[in-house]
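Here's a quick briefing to read with the model open beside you. Keep the sequence handy as you go.

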Amino acid sequence: IAQHGDRHPKTEFCEAWSQPRLNGTPFNHLLGQHIESRRAHSEITNDAERLRERITALERTLDATRAQLRSHIDRAKSLDLDFNLAAKIHRTLLPQPLHNDRIEVDVRYVPFEKVGGDYCQVRFCDKDTCYITMCDVVGHGVQGALLATRISSEVRHWILEGQPPRK
């Protein structure tokens, strides 16, 4: 056994077990605890790095999603302006109130959407003949409004050509 001066004061050597000890705990046990602690620290460090990478990826995805959302909002605003303009144009196709000694016509238009597939027109081709046409196109929105406008144009053309009324 080494002399007291040759070894650390808190280290003792037990001949019965032949294991060095520190404050009564075998070095092998302390070394095992240290190694496990380092492994756990390494795993925690790796987990933290993976989480940081995942957070960074999610932040990039969130930024891209925000940019897409801003783009969609801008597009929606633009479409809303277009729909408002289309609704104004569509309303100009409706006849103004008509009052004469033989007939009175007033039109009220309440679309289901901003624009729709309904229209009405009142036209005199001569003093004795009044054409009142009404149309309700199947469908709503821009498609219905465009089709109704096309039909209105055709009917107006037939009236100007003197075509007889028909269903």
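The protein has two helices and seven strands, in the order β-β-β-α-β-β-β-β-α from the N terminus. Helices (H or I, at least four residues) and strands (E, at least two) are DSSP runs, numbered from the N terminus. This is a predicted model: local features need pLDDT of at least 70, side-chain atom pairs count only at pLDDT 80 or more, and totals for chains, interfaces and linings use all residues. Residues are numbered from 1 along each chain as its sequence is written, and side-chain values use heavy atoms, with hydrogens and water left out.

**The whole chain**

- Of the 167 residues, 17% count as buried; buried means under 20% relative accessible area, exposed over 50%, and partly exposed in between (1.4 Å probe, protein chains only).
- The protein exposes about 13500 Å², with carbon and sulfur atoms supplying 56% of it; the areas come from the Shrake-Rupley method with a 1.4 Å probe, and for residues only the protein chains shown count as cover.
- Among contacts (heavy atoms within 4.5 Å) with a separation of 6 or more, 45% come from residues 24 or more positions apart.

**The nonpolar core**

- Seven residues form the largest nonpolar core: Tyr119, Tyr131, Cys135, Val137, Ala148, Val155 and Ile159.
- β7 (129-140) and α2 (141-160) each put at least two residues into this core.
- Such a core is a set of buried Ala, Val, Leu, Ile, Met, Phe, Trp, Tyr and Cys residues joined through side-chain atoms within 4.5 Å.
- In soluble globular proteins, nonpolar side chains tend to be buried together.
- Cys135 touches Gly117, Asp118, Tyr119 and Ile151, leaving out residues up to four places away in sequence.

**Helix α2**

- α2 has 20 residues and spans 29 Å from its first C-alpha to its last, close to the 28 Å expected at 1.5 Å a residue; the expected span is 1.5 Å times one less than the number of residues.
- Its buried residues are Gly141, Gly144, Ala145, Ala148, Ser152, Val155 and Ile159.
- Looking down the axis of α2, those buried residues fall within an arc of 95°, so they line one face of the helix; the arc is that of the directions from the helix axis to the C-beta atoms.
- The face turned away from the buried side of α2 carries the exposed residues Gln143, Leu146 and Leu160.
- After α2 comes Gly162, with a positive phi near 85°.

**Ala145 in α2**

- Ala145 sits in helix α2 and counts as buried because its relative accessibility is 10%.
- Ala145 and Gly116 are 29 residues apart in sequence, yet 4.8 Å apart in space, C-alpha to C-alpha.
- Leaving aside neighbours within four places in sequence, Ala145 contacts His90, Val115, Gly116 and Gly117.

**Ser152 and Gln121**

- Ser152, also part of helix α2, counts as buried because its relative accessibility is 4%.
- Gln121 belongs to strand β6 (residues 116-126) and is buried, with a relative accessible area of 5%.
- What does the side chain of Gln121 reach? At 3.4 Å, it reaches the backbone oxygen of Ser152.
- Not counting residues up to four places away in sequence, Gln121 touches Pro95, Tyr131, Ile132, Thr133, Ser152, Val155 and Arg156.

Technical notes: Polar contact = N/O pair within 3.5 Å; in protein donor to acceptor, adjacent residues only side chain to side chain.
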